[in-house]
Amino acid sequence: MAPHDLRRPFKRAAISDQQRRRELALQRQAEQRANSQARARALASSLLSFPSSPQSEPEFDLETEQETEEPTTVVSSVLEASKLKGSEARRWFARQLMLPEWMIDVPPHLDNDWYVFPRPAGKRCFVVSSNGTTVSRLRNGSVLHYFPSALPNGARNKDVSGPASAYCILDCIFHESDQTYYVIDMVCWRGYSLYDCTAEFRFFWLNSKLVETGACNPPSTYHRYRFSVVSIYDCNQMGLHAAYAGSMPFSRDGLLFYNKHAHYQTGNTPLALVWKDEHCSQYFLDTDSKGEVPALQQVVLELQDDGKLVTSDDPPVVFGSLDGEFVQKSGLRSGNLLRFAIKDEGARIVDGKLELCDTQYVGKSNRARAFADSYSKVFFQYAARHSPLRMGDLLASIQPHISQDEKTLDVEMAG
């Protein structure tokens with residue numbers, strides 16, 4: 001039976017805890033300012049400290065590595081990360097991207113405090129140019145491409161290269177069909193860190209600086225892949241409609257919402273949100289390894305030492321536990337990513353939070369996967385099967401509300 005046939009009456013919680021997480025994230029952002037310049041410099045040098053061709057990097061199996069290697073080294077600073085090799089390096093780099101939460105509820109002041117833009121379908125990655133070369137790394141930390149580019153110091157060409165400090169870090173999505181890197185954020189530009197800058201400032205620099213380099217030009221000898229900036233809109237009714245239904249040069253995979261005041265922070269953040277429906281994404285509902293939507297919702301959770309099953313959030317959300325005897329008998333180990341199916345009526349909303357009460361173990365997750373699902377993703381996928389957050393809900397939240405006094409004033413001024 002198709003997933004959309006499984007719909008049941010489902011009352012959406014008026015308030016979830018996502019807004020509380022947004023408020024806390026803004027507070028932490030104001031209170032804690034990391035040494036972002038050193039972090040960006042170490043990230044640039046670390047990303048490029050590996051072999052100079054993708055063929056020289058061996059194939060890897062994250063799941064096998066978790067079971068056979070020594071425990072991951074604790075890295076207390078990004079400067080130490082430049083010394084990491086192999087699987088430890090990949091796991092570290094996999095944690096450097098800012099990952100949006102899935103939109104559980106509509107943020108207040110959506111039209112004033114948020115941007116919206118279409119998410120290109122493709123592979124999310126960091127692109128770093130430094131020391132005359134450019135490298136892109138995927139979400140799981142593995143290399144996607146080594147190539148020359150027109151980005152600052154991105155090719156061994158005297159007209160393009162520059163001092164070692166002129167590195168650049170971009171947050172991109174590689175769109176396979178047109179071989180284009182669509183840039184969704186700028187993390188560092190010519191050695192200047194933008195980690196602690198607001199999204200409003202980062203997007204301004206992105207739109208004003210990238211075109212100047214020629215990176216948006218067609219491919220050439222010293223510029224193998226084309227870069228393009230994704231159109232970013234204020235999240236008013238016109239902007240939301242343009243992002244959702246406007247003509248784009250790429251296939252959409254949902255919409256991204258960024259809080260204008262948000263800094264670039266690694267890991268999951270409620271200050272960036274992803275939203276999808278069946279009209280703007282081929283992957284509105286999660287698919288299995290065959291690309292088909294399973295009849296039951298599936299979730300991927302991480303197994304901990306004590307048998308608890310947790311999400312990728314910080315702090316993680318506990319969704320259950322496995323019996324020690326079952327863990328031992330199945331040959332499972334701490335850190336394994338495990339897939340579960342949520343049985344019929346196997347989840348419920350309690351006080352605005354999702355609880356899993358009846359799940360079935362399916363098996364280990366895809367070996368190339370680096371993280372468990374986030375809490376917001378599990379919640380979003382559950383709601384998508386029962387009572388999805390629709391575009392009409394988003395539009396309704398930004399309908400103009402004009403008071404009677406404002407109406408009267410408008411009439412008087414018109415006269």
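Modeller: Let's start with pairing: two strands pair if DSSP finds at least two bridges between them. Strands here are DSSP runs (E, at least two residues), and helices are runs of H or I with at least four residues, both numbered from the N terminus. This is a predicted model, in which local features need pLDDT of at least 70, side-chain atom pairs count only at pLDDT 80 or more, and totals for chains, interfaces and linings use all residues. Residues are numbered from 1 along each chain as its sequence is written, and side-chain values use heavy atoms, with hydrogens and water left out.

Biologist: Thanks! What is the strand order in the open sheet of five strands?

Modeller: The order is S15-S14-S13-S16-S19, and the pairing is antiparallel. Strand S15 (318–321) and strand S19 (359–364) are the edges, each pairing on one side only. On average, neighbouring strands of this sheet are turned by 40 degrees against each other, direction ignored. For such angles, axes are lines fitted to C-alpha atoms (for helices over the stretch in contact), and angles run from 0 to 180 degrees between N-to-C directions.

Biologist: How many bridges join strand S16 to S19?

Modeller: Five, with S16 covering residues 337–342 and the two strands running antiparallel.

Biologist: How many helices and strands does the chain have?

Modeller: There are 12 helices and 19 strands.

Biologist: Now the charged residues. How many salt bridges are found in the whole structure?

Modeller: The general idea is that side chains of opposite charge can pair when their charged atoms come close. A salt bridge is counted when a side-chain nitrogen of Lys or Arg is within 4 Å of a carboxyl oxygen of Asp or Glu. The search finds 14. Four residues, Asp286, Arg369, Asp373 and Lys377, are linked in a network of them. Within it, the closest N and O atoms of Arg369 and Asp373 are 2.3 Å apart, and those of Asp373 and Lys377 are 3.5 Å apart.

Biologist: Is Asp373 buried or exposed?

Modeller: Buried means under 20% relative accessible area, exposed over 50%, and partly exposed in between (1.4 Å probe, protein chains only). Asp373 counts as buried because its relative accessibility is 4%. Lys377 is buried too, whereas Arg369 is partly exposed at 24%. Compare another salt bridge, Arg348 with Glu355 (3.3 Å, N to O): Arg348 is partly exposed at 44%, and so is Glu355 at 32%.

Biologist: Where does Gln18 lie, and which side chain does it join in a polar contact?

Modeller: Gln18 lies in helix H1 (residues 18–31) and counts as buried, at 0% relative accessibility. A polar contact is a pair of N or O atoms within 3.5 Å; within protein, one must be able to donate a hydrogen and the other to accept it, and residues adjacent in sequence count only if both atoms are side-chain atoms. The side chain of Gln18 makes one of 2.9 Å with that of Glu101.

Biologist: Finally, which residues touch the most other members of the largest nonpolar core?

Modeller: A nonpolar core is a set of buried Ala, Val, Leu, Ile, Met, Phe, Trp, Tyr and Cys residues joined through side-chain atoms within 4.5 Å. In this core of 50 residues, they are Leu240, Leu255, Phe257, Tyr258, Trp275 and Leu394. Apart from that core lies another, of 23 residues, among them Cys168 and Tyr181.
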